[in-house]
Structure formats: structure tokens, C-alpha cells
Amino acid sequence: MAGLEGIEQPRGHSRATAARWSPAVEDEQGLKALELFGDPAQSEVPLPSRPESAATARRLAQVVLLRTWRLTPKLTEDAVLLVSELVGNAVRHTGARVFGLRMRRRPGWIRVEVRDPSRGLPCLMPVQDMDVSGRGLFLVDKLADRWGVDLLPRGKTTWFEMRVADR
């Protein structure tokens, strides 16, 4: 029975966490992030290279995608996931103190860029079902219409683009 109790406790915790989350709360946090850090659709937003910056980048992207550009929830969900993956790679693999987030829109397309000071290139690796890491670029490759890396004199920009319906 002790094993079953251990299983039940995390479920209750998840329900409590889920009960506190709501689109309104997420939207409020996104607007607060926009106020604190700036709008990545206007200019590059510098963020500290820490794991918690992935949540900030997701919130910024969600506000831009849903509120400013009025994209569909499904496209927004996919793009926010990919933002998280690019930010995670920048935080884990570059040794940077700061990275930059930039979002652009042109007719029929959105583009998200994460700039960091490392010139080390990301590598798309084969992924197995049981792998617990290394899926970031695999997801980018599967969900984005195109992606790539632009080398800069000091660092690189890793980006993805997705097709969008213009309204």
C-alpha cells in the first residue's frame, strides 16, 4: 500500500498545481514579463542565461503570438515549445551569461531567433523512444517549417520559422 500512496501524492500535487493555473494567470505573467524585459517583436530582448529564463521566454513569446499577432492557439503552442527548446540549448550548452530573444513577422511567416555568444553549432542527433534528453533540435526540426544557424562575428543566432495564415 505504501507504493500506492507514493503514486497518489504526486497526482494530488499535480491537481493542486493545475487548479492554480489558468489562462488569465498565464496572460498576466506574460504581460508582466513584457513590461520587465521588453517586447521581442520590437527589438532583441536580453535574458540571463539561467534555467528560469526559459519560462520568461515562453511567456514573452506567448503574449506576442496570441495578443499582438493573434495567431491560433495550436500554432502558438508549437512555437512556444520551440522557443523553450532553443532557450534551453542556449542556457545548457553555450556558457553564456546572457542570450537574446527576437521575434519577427512578415507576410505568411513568423521567425524566432535566439542569439548567444558561442560559435559552437547545435547538432541534430537521432532520437530514440527512451531518450530523456537531446530532443530539442529534433522537435524544432519536426515542428518548424525551417530552421538554421547564422554565425556572427561573435556568436551565433539559432532560429526557426513557421508558416502562418495572414488574417
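Visitor: At what angle do the axes of helix α3 and helix α4 cross, and within what distance do they come?

Guide: This is a predicted model, and the part to look at is the pair formed by helix α3, residues 53-68, and helix α4, residues 73-93. Their axes come within 9 Å and cross at roughly 150°. Because angles over 145 degrees count as roughly antiparallel, α3 is roughly antiparallel to α4. The crossing in which α3 passes α4 is right-handed.

If you follow the residues that meet, the α3 side contributes Ser 53, Ala 54, Ala 57, Arg 58, Ala 61, Gln 62, Leu 65 and Leu 66, while the α4 side contributes Pro 73, Thr 76, Ala 79, Val 80, Val 83, Ser 84 and Val 87. Sorted by class, this contact of α3 with α4 holds ten nonpolar residues, four polar ones and one charged one.

On α4, the residues taking part are Asp 78, Leu 81, Leu 82, Glu 85, Leu 86 and Asn 89, and they meet Gly 136, Leu 137, Leu 139, Val 140 and Leu 143 of α5. The contact of α4 with α5 divides into seven nonpolar, two polar and two charged residues.

Finally, a word about the aromatic rings. The structure holds zero aromatic pairs, but two rings have an arginine over them: the charged end of Arg 111 sits over the ring of Trp 159, 4.2 Å from its centre, and Arg 146 lies over the face of Trp 109, at 3.8 Å from the ring centre.

Conventions
Residues are numbered from 1 along each chain as its sequence is written. This is a predicted model: local features need pLDDT of at least 70, side-chain atom pairs count only at pLDDT 80 or more; totals for chains, interfaces and linings use all residues. Side-chain values use heavy atoms; hydrogens and water are left out. Axes are lines fitted to C-alpha atoms, for helices over the stretch in contact, and angles run from 0 to 180 degrees between N-to-C directions. Helices (H or I, at least four residues) and strands (E, at least two) are DSSP runs, numbered from the N terminus. Angles under 35 degrees count as roughly parallel, over 145 as roughly antiparallel, 65 to 115 as roughly perpendicular and the rest as oblique. A crossing is left-handed if the near helix is turned anticlockwise from the far one by less than a right angle, and right-handed if clockwise. Contact means heavy atoms within 4.5 Å. Ala, Val, Leu, Ile, Met, Phe, Trp, Tyr, Cys and Pro count as nonpolar, Asp, Glu, Lys and Arg as charged, and the others, Gly among them, as polar. Rings of Phe, Tyr and Trp (its six-membered ring) pair if their centres lie within 6.5 Å; planes under 30 degrees apart count as stacked, over 60 as edge-to-face and the rest as tilted. A charge sits over a ring if NZ of Lys or CZ of Arg is within 6 Å of the ring centre and within 35 degrees of the ring normal.
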